[in-house]
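Good morning, and thank you for coming.

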Amino acid sequence: MEKKREKDDRKRQEQERREQREKEKKEQDIRKRFKVVGAIEVFQMVKASVDYKGGKNDLSFKQGENLEVIRITDNPEGRWLARTMDGCCKYLDAPLYRLFILGEMTVSALEEEGLRV
């Protein structure tokens with residue numbers, strides 16, 4: 001019984017190490033791809049109020065999904081850097097943020113700006 005517990009503990013620790021390495025790898029990729037300097041800090045957490053299918057550099061997400069806004073400066077104009085809880089990091093258009101947090105925009109207003117929701 002004791003050996004089984006030790007074996008389970010080792011498996012759990014090994015899994016935790018793998019997950020930590022994967023997290024570090026994703027953060028290094030974010031740093032390289034988006035030229036992030038210093039610690040990756042979350043500016044704000046937002047909850048998606050709509051489904052959005054992003055493109056090559058745009059973040060895709062489902063309604064109700066939590067997103068972390070990482071950087072609001074040094075990005076292409078009108079875009080913020082954000083990531084999903086599984087670590088996928090891409091750009092989020094600022095109008096989408098305004099819809100989520102500030103309630104300033106409606107879905108129809110987003111569509112008028114050319115964002116398909």
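This is a predicted model: local features need pLDDT of at least 70, side-chain atom pairs count only at pLDDT 80 or more; totals for chains, interfaces and linings use all residues.

**Salt bridges, pocket and sheet**

I begin with Asp9 and Arg12, whose side chains meet in a salt bridge at 3.7 Å, N to O; a salt bridge here is a side-chain nitrogen of Lys or Arg within 4 Å of a carboxyl oxygen of Asp or Glu. Residues are numbered from 1 along each chain as its sequence is written, and side-chain values use heavy atoms, with hydrogens and water left out.

Asp9 and Arg12 both belong to helix α1 and lie three residues apart, about one turn of the helix. Helices (H or I, at least four residues) and strands (E, at least two) are DSSP runs, numbered from the N terminus. Asp9 is partly exposed, with a relative accessible area of 32%, and Arg12 is partly exposed as well, at 41%. On this scale, buried means under 20% relative accessible area, exposed means over 50%, and partly exposed lies in between, with a 1.4 Å probe and protein chains only.

Arg12 has a further partner: its side chain also meets that of Glu16 in a salt bridge, at 3.2 Å, N to O. Glu16 and Arg12 are four residues apart in helix α1, again about one turn. Glu16 counts as partly exposed, at 41% relative accessibility. Through shared partners, these salt bridges join Asp9, Arg12 and Glu16 into one network.

Arg5 is partly exposed, with a relative accessible area of 48%, and Glu2 is partly exposed, at 46%. How many salt bridges does a search of the whole structure find? The search finds eight.

The largest pocket has a volume of about 180 Å³. For the method, a 1 Å grid is laid over the protein atoms alone; a pocket is an open set of points where a 1.4 Å probe fits, with protein on both sides within 12 Å along at least five of seven lines, and lining residues have an atom within 4 Å of a point. Grid points are joined across faces, edges and corners, and the volume is the space filled by probe spheres set on the points.

Which residues line the largest pocket? They are Lys23, Lys26, Glu27, Ile30, Glu68, Arg83, Thr84, Met85, Asp86 and Gly87. The elements giving two or more residues to this lining are α1 and β3 (79-84), and the largest share, four residues, comes from α1. By class, the lining has two nonpolar, two polar and six charged residues.

I turn now to the sheet. Four strands form an open sheet in the order β1-β2-β3-β4, with antiparallel pairing; two strands pair if DSSP finds at least two bridges between them. β1 (44-47) and β4 (89-93) stand at the edges, each with a single partner strand, so one side of each is left without a neighbour in the sheet. On average, neighbouring strands are turned by 40 degrees against each other, direction ignored.

Five bridges join the antiparallel strands β3 and β4. Trp80 stands opposite Leu92 in β4, while the bridge partner of Arg83 in β4 is Cys89. The hairpin of β3 and β4 has four residues between the strands, and in it Gly87 takes a positive phi near 100 degrees. Is β4 enclosed or open? Five of the five residues of β4 are buried, so the strand is largely enclosed by the rest of the structure.

In contrast to those buried residues, Asp74 counts as exposed, at 70% relative accessibility. Asp74 lies in the loop between β2 (66-71) and β3. Asp74 and Val36 are 38 residues apart in sequence and 9.3 Å apart in space, C-alpha to C-alpha.

Finally, the chain as a whole has three helices and four strands, and along the sequence these follow the pattern α-β-β-β-β-α-α. Buried residues make up 32% of its 117 residues.

Technical notes. Ala, Val, Leu, Ile, Met, Phe, Trp, Tyr, Cys and Pro count as nonpolar, Asp, Glu, Lys and Arg as charged, and the others, Gly among them, as polar. Axes are lines fitted to C-alpha atoms, for helices over the stretch in contact, and angles run from 0 to 180 degrees between N-to-C directions.
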